[in-house]
Amino acid sequence: MPQKKATMGIFRKANNKLEGAVEGAFGRAFKSSVQPVELAHKLAKEMGDHKTVGVSNVYVPNEFDVYLGKDDYDHLVSFEDSLRQELSNYVTAFARREGWTLVAPPRIDLHKDEDLRVGEFGIATRTVSAPADSSAAGAFAAPAAAVPPAAAAPPGGFIDQTVLYQEPVPAATPAATPSAARGVLRGRQGDYQLTGAVTVIGRSRRCDIVLTDPNVSRQHAEIRRRDDGFMLVDLGSTNGTRVNRRDVKQVVLQHGDRIELGTTELLFERQP
């Protein structure tokens, strides 16, 4: 199996018609094995999809976990060091060209996921500041002409809400008040009470509502409590989210709305 690393030249000549979102979110199935150029384009897309607009800078994720099926992982890990360096260079150059701010040098790690087939991959993103005494931060300094004016990173760094495979940080769940909205999702797998401030839906066992539908992304969507109502937000899922047969990125839910995730349909109901 060839072990020739992909070059920046290959990245630049890549087909610009690559489609679909990864989970940040998981990637759609390709007909052949995962190629480095596909990873490069998806990493750049994830940065753009999860940017955070600051006062004078636009921050983008700088840490990426790439999840691959067994065969793709075994192939790419054979030249992992070179691949990680090439992808890191690509991500850095792309961010500079767009005028985005990376708060620390990019980190890209490959992981094996037995649930994924050949051609499928997932990318989890995080935005994490380098330690204050880190020598890497100084090494990351770029030519002034290529990078917007430097700005202080957010204290302690910040993390993207679509991160996968990360141990949840214990946090107190806001107690419901007598006037708080109450909702339920009804589906073939049962009824799900919307009791938390945020309810994550997907295939991952770490989700609050776990769906076994293979067309559902690991972290597909979330429902956020908003004042006296609920808002549905798609988390960059592969197959998208629909409400009442219409594609949505986010929408305030109304009693009786029908939510489609993959081939699973859920009915949202408000409760008195």
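Begin by selecting Leu-43, Met-47, Val-66, Leu-68 and Leu-76, which touch the most other members of the largest nonpolar core, a set of 25 residues. Such a core consists of buried Ala, Val, Leu, Ile, Met, Phe, Trp, Tyr and Cys residues joined through side-chain atoms within 4.5 Å; buried means under 20% relative accessible area with a 1.4 Å probe, protein chains only. Next, colour the elements that give two or more residues to this core: helices H2 (36–49), H3 (70–76) and H4 (80–98), together with strands S3 (63–68), S4 (107–112) and S5 (121–126). Helices (H or I, at least four residues) and strands (E, at least two) are DSSP runs numbered from the N terminus. The most is given by H4, with six residues.

The model is predicted: local features need pLDDT of at least 70 and side-chain atom pairs count only at pLDDT 80 or more, whereas totals for chains, interfaces and linings use all residues. Residues are numbered from 1 along each chain as its sequence is written, and side-chain values use heavy atoms, with hydrogens and water left out.

Now centre the view on Leu-76. Which residues is Leu-76 in contact with, leaving aside its neighbours within four places in sequence? They are Val-34, Pro-36, Leu-39, Leu-68, Leu-83 and Leu-110, where contact means heavy atoms within 4.5 Å. A second, separate core has 19 residues, including Ala-181, Ile-201, Val-243 and Leu-261.

Move on to the open sheet of five strands, ordered S9-S8-S10-S11-S14 with mixed pairing. Two strands pair if DSSP finds at least two bridges between them. At the edges lie S9 (209–210) and S14 (250–252), each pairing on one side only.

Within this sheet, select S10 (residues 221–226) and S11 (residues 229–234), which run antiparallel and are joined by six bridges. Arg-226 stands opposite Gly-229 in S11. Two residues lie between the strands of this hairpin, and Asp-227 takes a positive phi near 50 degrees.

Of its 272 residues, 46% are buried.

Methods:
Buried means under 20% relative accessible area, exposed over 50%, partly exposed in between (1.4 Å probe, protein chains only).
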